[in-house]
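Trainee: Could you go through this one with me? I have a few quick questions.
Mentor: Of course, ask away.
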Amino acid sequence: MEQLPKMTTEELTKRVSDGKYMLFFSAGWCPDCAFIKPAMPDIEKEFSDYTFLAVDRDENIDLCVDLNVLGIPSFIAYDHGQEIGRFVNKDRKTKEQVEAFVTAL
């Protein structure tokens, strides 16, 4: 999974403008993020029509505020620059919950 550098909302919009993307918001100190990380390679393989991008919440705090991502781990899906779904809250997420979210898109 590609790790996004620090970027603005405008830069992110340009980055996700062509194709299907799944943003995975997390932080190194977050135990709930650490819980889902081992499942992410399998989730990426299962949903290979999406490009998964990791977003470090601490490095991109302004971007998270702009996107209203106040809890982690969280996911936002884009299709050619348009947000098509979000699974954003502060709760721990299981592999099955993330798969159900992506399947429902």
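Trainee: Which residues does Asp32 touch, leaving out those up to four places away in sequence?
Mentor: Bearing in mind that this is a predicted model, Asp32 touches Pro73, Lys90, Asp91 and Arg92 once those sequence neighbours are set aside.
Trainee: And what does the side chain of Asp32 make a polar contact with?
Mentor: The partner is the side chain of Arg92, at 2.9 Å, and Asp32 itself has its place in helix 2, which covers residues 31-36.
Trainee: Switching to helix 5, which of its residues are buried?
Mentor: Helix 5 runs over residues 95-103, and Val98, Glu99, Phe101 and Val102 are buried there.
Trainee: Why do they line one face of the helix?
Mentor: Looking down the axis of helix 5, you find the buried residues within an arc of 160°, so they line one face. In general, an α-helix has 3.6 residues a turn, so residues three or four places apart point the same way.
Trainee: What covers them, and what is on the face turned away?
Mentor: The cover over the buried residues of helix 5 includes strand 2, helix 2, helix 3 (40-46), strand 4 (74-79) and strand 5 (82-87), while the face turned away from the buried side carries the exposed residues Glu96 and Thr103.
Trainee: Okay, strands now: in what sense does strand 2 pair with strand 3?
Mentor: Strand 2 (residues 20-26) pairs with strand 3 in the parallel sense over six bridges, and Phe24 stands opposite Ala54 in strand 3.
Trainee: How many bridges link strand 1 and strand 3?
Mentor: Two bridges, again in the parallel sense, join strand 1 (residues 2-3) to strand 3 (residues 51-56), with Glu2 opposite Leu53.

Technical notes:
Residues numbered from 1 in each chain as written. Predicted model: local features only at pLDDT ≥ 70, side-chain atom pairs only at ≥ 80, totals over all residues. Heavy atoms only, no water. Helix = DSSP H or I, 4+ residues; strand = E, 2+ residues; numbered from the N terminus. Polar contact = N/O pair within 3.5 Å; in protein donor to acceptor, adjacent residues only side chain to side chain. Contact = heavy atoms within 4.5 Å. Pairing = 2+ DSSP bridges. Buried < 20%, exposed > 50% of the residue type's maximum accessible area, 1.4 Å probe, protein only. Arc of directions from axis to C-beta.
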